[in-house]
Amino acid sequence: MDYNKLAELLFPQIDKTPEDYEAIYPPRANAESGAVITRLGPSPTGFIHLGNLYGAFVDERLAHQSKAADGTPGTFYLRIEDTDDKRYVEGAVDTIINSLKFFGISFDEGAGCGAPGCATDGAPGEDGTPTDAGDYGPYYQSQRGPIYQAFVKSLVSQGKAYPCFLTEEELNDIRAQQEAAKETTGIYGKYAEKSRNLSYEEIEENIKAGKPYVIRLKSKGNAIDPANCCMENGATCKGSSGNVTYQNRDGVMYIIVNDAIRGEVAMPCNDQDVVILKATGIPTYHFAHVIDDHLMRTTHVVRGEEWLMSLPIHVELFEALRFKMPTYCHTAVLMKLDDESGNKRKLSKRKDPELSLDYYRNEGYHPQAVKEYLLTILNSNFEEWRMANPDADIDEFRFTTEKMSSAGALFDLNKLNDVSKDVLLKIPAEELADFMVDWAKEFKPKAAEAMSDKEYLTKILDIGRHDAKPRKDLIYAKQIFDFISYFYDEYFVIEERIPEQVSDEDAKEILKRYLETYDHSDDQSQWFEKIRTITADLGYAVKPKDYKKHPDEYKGSVAHVSTVIRIAVMGRSQSPDVWTIQQILGEEKVRARISELIG
RNA sequence: GGUCCUAUGGUCAAGCGGUUAAGACACCGCCCUUUCACGGCGGUAACCCGGGUUCGAUUCCCGGUAGGAUCACCA
C-alpha cells in the first residue's frame, strides 16, 4: 500500500504540512523558561457549573503564580471545544467568560478575549460577539478543521491511521457479539482487521460510491516497543516532567504516567483503533486535545478525573505524532451525599441546584467566599495558611498540585457558610452595601428599592463589626436581607410573641414607661439604666442571675423586659444591640413602632 | 463484567514504620452576656476487613469489601 497516495486520495485539498503549523505556532517564550501555560476547554453548552469553576481556578492559579526567567507570568487561555455541533448554545461563550469574571477569574488569551491588536481570528458570527485574542488561534475547535486534517493526513501517509467504512449497523453487530462473548467492546485486534486490510482500490471505490467513513488510529496496542518510541528523539512523549514510562506486566504492556495530582498512574496501553476524525471531518475530543494542546503549547492539562481512563489513547496519539507530552493534572470529582442512598455521588446537574453557579448568585454568596471555600477543598494546607495570614490576599497563597486531594471531596454547605462569615467580615460595609443592592436588583427588586438609601444600609451592615470580637452574622445576601429586614418599614413585622414570664399588662406597662422616658440622645449606659429602673419597679430582677437563683422572688428578669422592647422595635427577640439599632433607626421610627403596639 | 482511582470521626482533612492519631466545620455542655451572634473552655466521635513484611503497622505489600470513574463518529 502506498500510504502517500492514500493520504492524497483522502485529503486532496490539504496542502499544509505539520511542519508548516509548527512554524506558525512556535514555542512560547515564557513557557520555554519555566512559565506554566494552562487552558480551559469547555464545550459551549451554556451551562457552567461548580466543577468548571473548580477546574478553572486550578488553571488560573497554576498559570498566574508561575513565572518565566524574565518575570513574565504564565498564560491562561480559553479554548472552546465545540467539535460536537449538536451541543452549541447561543451566547455560551459570553456566559462562560462572564461567570468566571464574576469570581475573579479572567483569561489572558483565547475565545472572546478581544484585546485589541493581537487578534488573529474572529469569533463566529457577526453578532457583536467579542473577538478573540492571541497568536495561537483559532480558539474554536470548529474553526480548526484544516489544521487537524493536515495532521491526520500526515498520520495516514505514515501508515499510522486509516479510513474505516464500517456502518452504524456493523458497529452495533460487533458490539453485540463482543458483549455476548464478554469481551472488551470496540474496534481493536481482529475486529480492526477488516478495515485495516482494505486495499487502495477498495478504498477508492468506497469513496467514489460516496460511502461515509471515519479515520481511525492504527493502534500498536500491546506490540508497542518501549525501546523504540518515547525514549527516542527526546522531543516525543518524554515530557517536561519526564512523565511516561512503559512496563511489561505479565505480557501486558502498561504505561505509567506521572500525574501532578495523583502521582504515578498505571494503565494498560491503548489497543483500540479509536476514531480520530469523524465522518464530518471534525476530530474527536481525543485528537483535538492532542493537536491543540501541542500547537497552543499548553504545559499543564487540568481536567476532571473522568478523563483518566482515556489517557492511554492520548499517550499513544502523542507518541504517534512525536509530540512532547504536557503534564497532566486530573482533578477529583466534586461529590455530594445522596439523601436517598446515603452514598457519595457525583454532583448532578438535575438533582443538585448547588452545582450551578447561578445558585450562588441567587442566594447572594459573595464570589470571594465561594473562591475561598473552593480553595479550602482544593488545597489541604490552605486553611492553615489562612489562619496564619488572615489578611493576606488569596493570591499570595502558594497553590500546589501535590496538596490536592485525589479523592472526591464532598461539597459542604456548612463549611461554605462558615468561610463566608469570615470573608464578609473583611469586606468594608460600604462595599457590602453595593453588593447587597446589586444582588437585590437582580433577584429581589422590591428589596433593592427599600435599600436605596446607601448610607443607611451601610450603617446597618456595619453593626458590631469593629469590636475586638466582631459579630459574624452576615453570610450571604438572601440571609443578610432577612437578617436586617426590620430596618425597613415595608418589611417590618412582629414575628414573635412576648416571653411567657411577662403578662400582657406588664408588657404594655413596660412599653408605656419606656416610651415616656425615652430620650434618643441618651448614651448606651444612660439608656440601659432606664430599663433597669423599669425592670425593678415592675418586680423583675435587674440581674438575670438573681432570677435564676430565686425564681420565686421575681416575675422574670431584665432579659425578659428587654425582649419585650426588642419585639416592639425589631419584631423579633433576637438581634444585635438594641441601642445601636435604635440610633440607626432614628427616633421617629422607634417611637412610632412602640406607640403602635401600645395601641 | 473489564480497566483504573480512592479508603482516617457526620463532613473536610494532617499523618508518610514507634504520636496521648493534629486541626477546621457541624453537634453537645459550660463561661461571657439584656437576646442573638462573636469569643473562651471542655466534650462526644475515626485509622473498612483479612493476611503477610517487621521487634513494631493507620502508615509498606497482597487479597477481599465498599464507593467512585470509565468502557461512543459526547466532550
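This note goes through a predicted model, point by point.

1. Ground rules. The model is predicted, so local features need pLDDT of at least 70 and side-chain atom pairs count only at pLDDT 80 or more, while totals for chains, interfaces and linings use all residues. Residues are numbered from 1 along each chain as its sequence is written, chains are lettered from A and ligands numbered from 1 in the order in which they are written, and side-chain values use heavy atoms, with hydrogens and water left out.

2. The main core. The largest nonpolar core has 162 residues. A nonpolar core here is a set of buried Ala, Val, Leu, Ile, Met, Phe, Trp, Tyr and Cys residues joined through side-chain atoms within 4.5 Å. Buried means under 20% relative accessible area, exposed over 50%, and partly exposed in between, with a 1.4 Å probe and protein chains only. I276, F287, L461 and F487 have the most contacts inside this core. I276 touches V152, L155, A161, I215, R216, L217, P283, T284, F287 and L317, leaving out residues up to four places away in sequence. Contact means heavy atoms within 4.5 Å.

3. The second core. A separate core has nine residues. Y162, L166, Y188 and Y191 are among them.

4. Helices (H or I, at least four residues) and strands (E, at least two) are DSSP runs, numbered from the N terminus. Strand β4 covers residues 161–164. A161 and P163 point one way from β4, and Y162 and C164 point the other way. All four are buried. β4 pairs with β5 (residues 214–217) in the antiparallel sense, over four bridges. Two strands pair if DSSP finds at least two bridges between them. A161 stands opposite L217 in β5.

5. The open sheet. Three strands pair in parallel, in the order β1-β2-β3. β1 (37–40) and β3 (109–110) stand at the edges with a single partner strand each, so one side of each has no neighbour in the sheet. Strand β2 (residues 75–78) pairs with β3 over two bridges, in the parallel sense. L78 stands opposite G110 in β3.

6. S106. This residue is in the loop between α5 (92–102) and β3. S106 counts as partly exposed, because its relative accessibility is 40%. It touches H64 and F76, not counting residues up to four places away in sequence. The C-alpha atoms of S106 and Y77 are separated by 8.7 Å, and the two residues are 29 residues apart along the chain.

7. Two hairpins. β6 (residues 244–249) and β7 (residues 252–259) run antiparallel and are joined by six bridges. Q247 has Y254 as its bridge partner in β7. Two residues lie between these strands, and D250 takes a positive phi near 50 degrees in this hairpin. β7 also forms a hairpin with β8, with three residues between them. That pairing is antiparallel, over six bridges. N258 has E264 as its bridge partner in β8.

8. Positive phi. Most residues other than glycine have a negative phi. K182 has a phi near 55 degrees. It sits in the loop between α7 (168–180) and α8 (189–196). K182 counts as exposed, because its relative accessibility is 78%. R297 has a positive phi of about 60 degrees. It lies in the loop between α10 (285–295) and β10 (300–304). R297 counts as buried, because its relative accessibility is 14%.

9. S485. This residue is in the loop between α19 (477–484) and α20 (504–517). S485 counts as buried, because its relative accessibility is 9%. It is in contact with Y491, F492 and R572, leaving aside neighbours within four places in sequence.

10. The RNA surface. There are 56 residues around RNA strand B, and T83, K278, K415, R471 and S575 come nearest. A residue is near the strand if one of its heavy atoms lies within 4 Å of it. By class, this surface has 23 nonpolar, eleven polar and 22 charged residues. Ala, Val, Leu, Ile, Met, Phe, Trp, Tyr, Cys and Pro count as nonpolar, Asp, Glu, Lys and Arg as charged, and the others, Gly among them, as polar. Of the RNA strand B atoms within 4 Å of the protein, 69% belong to sugar or phosphate and the rest to bases.

11. Atoms facing the RNA. A backbone N or O atom of A279 lies 3.0 Å from a base oxygen of RNA strand B. A polar backbone atom of S573 is 3.3 Å from a base oxygen. K545 places a polar side-chain atom 3.0 Å from a phosphate oxygen.

Note on methods: Polar contact = N/O pair within 3.5 Å; in protein donor to acceptor, adjacent residues only side chain to side chain.
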